[in-house]
Amino acid sequence: MAAAYYINSYDIVDMELFSQYPPAVMTLLEKYGASVVASDLAGVAVEGSPRMMNAIIRFPSPEAALQCYEDPEYQPLKAIRLKAVRNCTMVLVQAFTS
C-alpha cells in the first residue's frame, strides 16, 4: 500500500486561535502513523498566488489519512482551524511509485 500526503494551504487570520491547533493535531497524527514532511509560514511562491501556511503531511495510506480526518477527536480541532483560517485548500494525493 502506497503512502499518501495531505497538501494543505491556507491563510491564517487569527494566529492566537490557530496556535491551539498544531500541538493538538500532532498527537492525533501520531495515532495514525503520520508525520509532518513540511510546514512553513514563509514559503516562496514560484507560480500562482501563495497562501500564508503550506504544509505536507505523510500518512502510511490514503485510508489512514481519511480515518484521521474523520476521527471524532479531530472534529473540534478542525473547527478551530476553520475559524482561524481562510482560503483553505486541503488535497489528499497518493505517493508516486514508478
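Colleague: Why is Phe59 called buried?

Modeller: In this predicted model, Phe59 has a relative accessible area of 1%. Buried means under 20%, exposed over 50% and partly exposed in between, with a 1.4 Å probe and protein chains only; Phe59 therefore counts as buried.

Colleague: On what basis were such values computed?

Modeller: Because the model is predicted, local features need pLDDT of at least 70 and side-chain atom pairs count only at pLDDT 80 or more, whereas totals for chains, interfaces and linings use all residues. Residues are numbered from 1 along each chain as its sequence is written, and side-chain values use heavy atoms, leaving out hydrogens and water.

Colleague: What makes the pair of Tyr6 and Phe59 edge-to-face?

Modeller: Rings of Phe, Tyr and Trp (its six-membered ring) pair if their centres lie within 6.5 Å; planes under 30 degrees apart are stacked, over 60 edge-to-face, and the rest tilted. The ring centres of Tyr6 and Phe59 are 5.5 Å apart and the planes stand at 90°, so the pair is edge-to-face. Tyr6 belongs to strand β1 and Phe59 to strand β3, so the pair ties together parts that are 53 residues apart in sequence. Strands here are DSSP runs (E, at least two residues), as are helices (H or I, at least four), numbered from the N terminus. Tyr6, at 7% relative accessibility, counts as buried.

Colleague: Which residues touch the most other members of the largest nonpolar core?

Modeller: Among its 23 residues, these are Tyr10, Phe18, Tyr21, Leu29, Ile57 and Phe59. Such a core is a set of buried Ala, Val, Leu, Ile, Met, Phe, Trp, Tyr and Cys residues joined through side-chain atoms within 4.5 Å. In soluble globular proteins, nonpolar side chains tend to be buried together.

Colleague: What makes Asn8 a buried residue?

Modeller: Asn8, in strand β1, has 10% relative accessibility and so counts as buried. Leaving out residues up to four places away in sequence, Asn8 touches Met53, Asn54, Ala55, Ile57, Thr89 and Met90, where contact means heavy atoms within 4.5 Å.
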